[in-house]
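Have the model open as you read.

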Amino acid sequence: MAKYLNDFQFGVGVSGGAEAVLHSANRVLSKHHADGSLVMLTVDFSNAFNLVDRSALLHEVTKICPSISLWVNFLYGQAARLYIRDQHIWSATGVQQGGPLGPLLFALVLHPLLYKIRDNCKLLLHAWYPDDGTVIGDSEEVSRVLNIIRLHGPGLGLELNINKTEIFWPSCDGRKLRADLFPTDIWRPFLGVKLLGGGGGAVSRDARFISGLAMKRAVNVVDLMGLLPQLCDPQSELLLLRSCMGIAKLFFGLRTCQSVDIEEAALFFDKGLCMSIEDMVVCGGPFFGDIQWRLASLPICFGGLGLYSAYEVSSYTFVASRAQYWALQDHILRDSGVFRMESDYLCAMTHLRDMIPGFDCNGFTNKETAPPPP
């Protein structure tokens with residue numbers, strides 16, 4: 001299935017697909033931001049997993065992976081009752097979210113639509129992460145993509161949510177403003193877009209937009225940490241803080257944004273984290289200062305609490321993520337003409353060397369900078 005899907009679908013059986021898509025979109029933007037003929041389309045479907053057509057699903061499974069077709073037919077071949085107290089409704093569309101087969105089955109239904117786009121449109125970037133689509137190309141080509149989705153999507157149970165579908169580019173040659181090119185009710189942000197839903201990252205050249213998005217997420221995390229004392233159980237509070245409430249909420253943003261753009265948000269988070277730890281350790285009392293905070297941030301095997309400072313982590317997470325998924329980015333960017341390490345990455349490398357002077361960065365700078373052979 002990976003061989004069949006992974007030209008365009010990077011959310012099924014692909015490690016780091018979300019980060020690679022986001023890095024790739026920003027690399028195209030970095031290279032071509034002054035080209036006013038281009039536009040980026042972010043696609044959003046209405047309740048896609050719950051409304052995808054099951055007849056199309058069963059057809060694609062039988063055609064593409066018949067070895068599991070009997071099992072899938074057993075699961076989805078007939079409507080199931082969903083009980084609400086003493087009443088019930090019939091579940092006749094969609095796939096089970098959270099089920100191991102759900103993303104694959106959804107991707108199988110979506111893929112013929114992606115092939116129609118491939119065969120009819122010439123694009124710089126065309127990537128999906130389950131139902132979130134990212135398309136970059138000439139405005140005329142991207143308009144054709146939108147028309148294909150609106151024409152052929154409903155037959156698959158995929159209805160475009162125009163209120164959450166966006167077009168963006170920081171420069172404009174005037175064609176994108178034509179009334180017949182894009183729907184009048186499509187959202188047209190000017191500074192940037194948040195890619196891949198609520199937990200996604202920024203595609204933008206505007207530092208204020210990126211910083212604002214990071215700060216909004218940091219504020220939400222700090223507010224969440226502020227609720228921990230209600231548990232009145234320091235052990236449970238620490239467990240939640242380490243596993244799913246603290247920096248875990250920020251890792252995707254830290255790995256996909258330059259540290260210089262999220263420094264304010266990182267420092268704000270660290271202050272909130274320090275207050276939470278102080279409350280757990282000394283219950284708001286004295287004897288908790290910088291030394292205690294530094295000790296708490298050590299790994300547990302060194303006697304610490306295994307907590308991370310967002311400011312310190314941000315010095316290397318962006319570089320690590322960009323370098324970790326070079327090959328996947330190159331695959332996503334195969335038609336874009338983008339292949340070199342751009343200024344964003346080089347600036348991040350300079351910042352990393354300044355933060356950790358003795359660290360050997362050679363492993364991060366060995367990307368092939370020549371175009372691949374034909």
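## Rings and a helix crossing

Arg118 lies over the face of Tyr115, sitting 4.3 Å from the ring centre. Keep in mind that this is a predicted model. Tyr115 itself is partly exposed, at a relative accessible area of 24%.

Now for the rings. The structure has seven aromatic pairs, and two of them are set out here:

| Pair | Geometry | Centre to centre | Angle between planes |
|---|---|---|---|
| Tyr4 and Tyr115 | edge-to-face | 6.0 Å | 85 degrees |
| Phe49 and Phe106 | stacked | 4.6 Å | 10 degrees |

What does the Tyr4 and Tyr115 pair tie together? Tyr4 belongs to helix α1 (residues 2-5) and Tyr115 to helix α6 (residues 102-120), so the pair joins parts that are 111 residues apart in sequence. Ring pairs also bring in Phe8, linking Tyr4, Phe8 and Tyr115 into a cluster.

Are Phe49 and Phe106 buried or exposed? Both are buried.

On to the crossing. Helix α2 (residues 17-32) and helix α13 (residues 310-324) have axes that come within 10 Å and cross at roughly 95 degrees, which means α2 is roughly perpendicular to α13. At this contact, Glu19, His23 and Arg27 from α2 meet Phe318, Ser321 and Arg322 from α13. By type, the contact residues are three charged, two polar and one nonpolar.

Definitions and conventions. Residues numbered from 1 in each chain as written. Predicted model: local features only at pLDDT ≥ 70, side-chain atom pairs only at ≥ 80, totals over all residues. Heavy atoms only, no water. Phe/Tyr/Trp six-rings, centres within 6.5 Å; stacked < 30°, edge-to-face > 60°. Helix = DSSP H or I, 4+ residues; strand = E, 2+ residues; numbered from the N terminus. Buried < 20%, exposed > 50% of the residue type's maximum accessible area, 1.4 Å probe, protein only. Lys NZ or Arg CZ within 6 Å of the ring centre and 35° of its normal. Axes fitted to C-alpha atoms, helices over the stretch in contact; angles between N-to-C directions. Parallel < 35°, antiparallel > 145°, perpendicular 65-115°, else oblique. Contact = heavy atoms within 4.5 Å. Nonpolar A, V, L, I, M, F, W, Y, C, P; charged D, E, K, R; others polar.
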